[in-house]
Amino acid sequence: MLAGVVEVHLDPVSDERGFFARSWCEKEFGLNGLNPRLVQCNVSFNTYKGTLRGIHYQNEPYQEAKLVRCTQGAIYDVAVDLRPQSSTFRRWVAATLTAENRHMLYIPEGCAHGFLTLMDNTEVFYQMSEYYHPESACGVRFDDSAFKIEWPEKIEVISERDRNYRDFEG
């Protein structure tokens, strides 16, 4: 794993109806050293398998932590450490998040985030610690040789912006 990146698993309590589980708790996140601030939630729906979104981040002073969950379908979720002072600088980690496994990935401030859909009609739910600030929005390219990310499937759909980020110089 990368410093500060955490795969979060639900702790379901089951009965004859199914189960109940808490997916986020300000107190528990804070006690575990995760940023508990929550100011914005977003949903991303992706029609096709092989859709890549990212790899995005926000520059200071608007760096954001994210908690990402796949609510329909499946994604290969990637976090890239862009913190020069970090022992895991320039490294990346990935987790397969699916509607069935209900796992989440917590990505701290200073890390970039992106995902590749593994199924058609995939939906992703994000919780953010900071508001979106277009002037601070940045990204790194999915195939930048500085990171050597290994994608499990062919990238079929990607925005022009995400395809054309410059080489990472950090």
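**Stop one: the nonpolar cores**

Start by selecting Val80 and Trp151, the two that touch the most other members of the largest nonpolar core, a set of 18 residues. (A nonpolar core here means buried Ala, Val, Leu, Ile, Met, Phe, Trp, Tyr and Cys residues joined through side-chain atoms within 4.5 Å; buried means under 20% relative accessible area, exposed over 50%, and partly exposed in between, with a 1.4 Å probe and protein chains only.) Now colour strand 5 (51-58), strand 7 (74-81) and strand 10 (111-117), the elements that give two or more residues to this core. Strand 7 contributes the most, with 4 residues. (Strands are DSSP E runs of at least two residues, helices are H or I runs of at least four, and both are numbered from the N terminus.)

Before moving on, a word on the ground rules. This is a predicted model, where local features need pLDDT of at least 70 and side-chain atom pairs count only at pLDDT 80 or more, while totals for chains, interfaces and linings use all residues. Residues are numbered from 1 along each chain as its sequence is written, and side-chain values use heavy atoms, with hydrogens and water left out.

Which residues does Trp151 touch, not counting those up to four places away in sequence? Show Leu52, Ile55, Tyr76, Val78, Phe115, Leu116 and Phe142; contact means heavy atoms within 4.5 Å. Then hop to a second, separate core of 16 residues, with Cys70, Leu97, Ile107 and Val124 among them.

Switch to cartoon and pick out 5 strands in the order 1-9-6-11-4, which form an open sheet with antiparallel pairing. (Two strands pair if DSSP finds at least two bridges between them.) Strand 1 (6-8) and strand 4 (40-46) are at the edges with a single partner strand each, so one side of each has no neighbour in the sheet. Zoom in on strand 6 (66-72) and strand 11 (122-128), an antiparallel pair over 6 bridges. Gln72 sits opposite Glu123 of strand 11.

**Stop three: salt bridges**

The whole structure holds 8 salt bridges, each a side-chain nitrogen of Lys or Arg within 4 Å of a carboxyl oxygen of Asp or Glu.

Finish on Asp167 and Arg141, bridged at 2.7 Å, N to O. Asp167 lies in the segment after helix 2 (160-163), and Arg141 in the loop between strand 12 (137-139) and strand 13 (157-158), 26 residues apart.
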